[in-house]
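Please look over the sequence and the model shown here before reading on.

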Amino acid sequence: MRAPASGREAIAPAEPGAVYVDRETGEEMVPVARLLPLAPSDSALPRTPENLRACRRCDQLIGLDVSDCPYCGLRQEAL
Ligand SMILES: [Zn+2]
C-alpha cells in the first residue's frame, strides 16, 4: 500500500473495497502491488530468512535484492 501524498508505504493484508489509512499521517493508502508467496510454502511472510541480510550500518533486516537500505539509505554491497 502507498499513501499518494507522502509516499509512505506499508505491507498489509487487504480486502477488496476496504479503506486503509496510514496510522501516522491519517492518509488513505491505496494498493499498488501484490506479494505472492513462493510455492510451495506454508509461510505468509513476504520474505524468508534465507533472502534477508542485515544492513551493516543500522542492523535492520533487508532483502538480498535491495540495493539501498530502506531504513538508513546506505548503499548495499553487491553479492
Ligand atoms: Zn541501514
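## The largest pocket

In this predicted model, strand 4, which spans residues 61-63, supplies three residues to the lining of the largest pocket, and this is the largest share of that lining. The volume of the largest pocket is about 1,000 Å³. Its lining is made up of 24 residues, and those closest to the centre of the pocket are A10, I11, A12, L35 and P46.

## The zinc site

Which atoms coordinate the zinc ion? The zinc ion is held by the SG atoms of C55, C58, C69 and C72, at 2.3 Å. The arrangement is tetrahedral because the angles that the four donor atoms subtend around the zinc ion run from 104 to 118°. For comparison with an ideal geometry, four tetrahedral donors at a metal would have angles of 109.5 degrees.

## Donors along the chain

Read along the chain, the donors of the zinc ion follow the spacing C-x2-C-x10-C-x2-C. Within this set, C58 and C72 link distant parts of the chain, being 14 residues apart, with C58 in the loop between strand 3 (52-54) and strand 4, and C72 in the segment after strand 4.

How accessible are these two cysteines, C58 and C72? C58 has a relative accessible area of 26%, so this residue counts as partly exposed, and C72, with a relative accessible area of 29%, is partly exposed as well.

Technical notes. Residues are numbered from 1 along each chain as its sequence is written. This is a predicted model: local features need pLDDT of at least 70, side-chain atom pairs count only at pLDDT 80 or more; totals for chains, interfaces and linings use all residues. Side-chain values use heavy atoms; hydrogens and water are left out. On a 1 Å grid over the protein atoms alone, a cavity is a set of points where a 1.4 Å probe fits but cannot get out, and a pocket is an open set with protein on both sides within 12 Å along at least five of seven lines; lining residues have an atom within 4 Å of a point. Grid points are joined across faces, edges and corners, and a volume is the space filled by probe spheres set on the points. Helices (H or I, at least four residues) and strands (E, at least two) are DSSP runs, numbered from the N terminus. Donors are N, O and S atoms within 2.8 Å of the metal (3.2 Å for Na, K and Ca); water is not among the atoms, so sites may look incomplete. Four donors count as tetrahedral if all angles lie between 85 and 135 degrees; four count as square planar and six as octahedral if opposite donors are over 155 degrees apart and all others between 65 and 115; anything else is irregular. Buried means under 20% relative accessible area, exposed over 50%, partly exposed in between (1.4 Å probe, protein chains only).
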